[in-house]
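Dear colleague,

Below is the structure I said I would pass on. My notes on it follow.

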Amino acid sequence: MANSEPDNSARPPAGVRLCALAEIADPGGKSFRFRDGSRLFAGFVIRQGEAARGFVDSCPHAGWPLAPMDDRYLTRDGRHILCSGHGALFTLQGVAVTAPCLGEQIAPWPVEVRGDEVWTA
Ligand code: FES
C-alpha cells in the first residue's frame, strides 16, 4: 500500500517534532498524517510511560488504517493494538498475536523521545 512505501514523499524526514509526550495518553496512541500533494503518509505513535514507538498506520493484513477514529489504537485494557478492519490484535511492539495476520508485523515508523517531546528519527 502506498502509505507504507519507504519512498512515499509525504513521509516526514528524521528530526520533525511530532508532539509533546504528554499529549499521548499513557498507555495510548496518537495519529499523525502528512501530505505532499496527492501523497499521504499516516502514522501513529504508541506511548508506554516515558517510551514511544511509531508505526505506519497500515495493517499488514489488508493495508487498511488500524483505528476507526483518531488516536484509538489500543484495546480497552491498553495491552494490545487493535485493527478495526478484521479484529487482529498486536503486541505494543506491533506483532500480530491473532488471526488473520498472526505473526505479521505493523511496519515501524522510527520515532524518538527527546526530553518531553516526540520526534521522527
Ligand atoms: S485489515 Fe487489519 S485485520 Fe484485516
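Strands here are DSSP runs (E, at least two residues) and helices are H or I runs of at least four, numbered from the N terminus.

This is a predicted model, in which local features need pLDDT of at least 70 and side-chain atom pairs count only at pLDDT 80 or more, while totals for chains, interfaces and linings use all residues. Residues are numbered from 1 along each chain as its sequence is written.

β8 has antiparallel pairings with β1 and with β7 (two strands pair if DSSP finds at least two bridges between them). Three bridges link it to β1, residues 17-20, where arginine 17 has tryptophan 119 of β8 as its bridge partner. Four bridges link β8 to β7, residues 111-114, and valine 113 is bridged to valine 118 in β8. The hairpin of β7 and β8 has two residues between the strands, and glycine 115 there takes a positive phi near 65°.

The protein chain as a whole has eight strands and zero helices. Its radius of gyration, taken over C-alpha atoms, is 13 Å, close to the 14 Å of the globule rule for 121 residues, so the chain is as compact as a globular protein of that length. The rule is 2.2 Å times the number of residues to the power 0.38. Along its principal axes the C-alpha trace spans about 35 × 35 × 20 Å.

Regards
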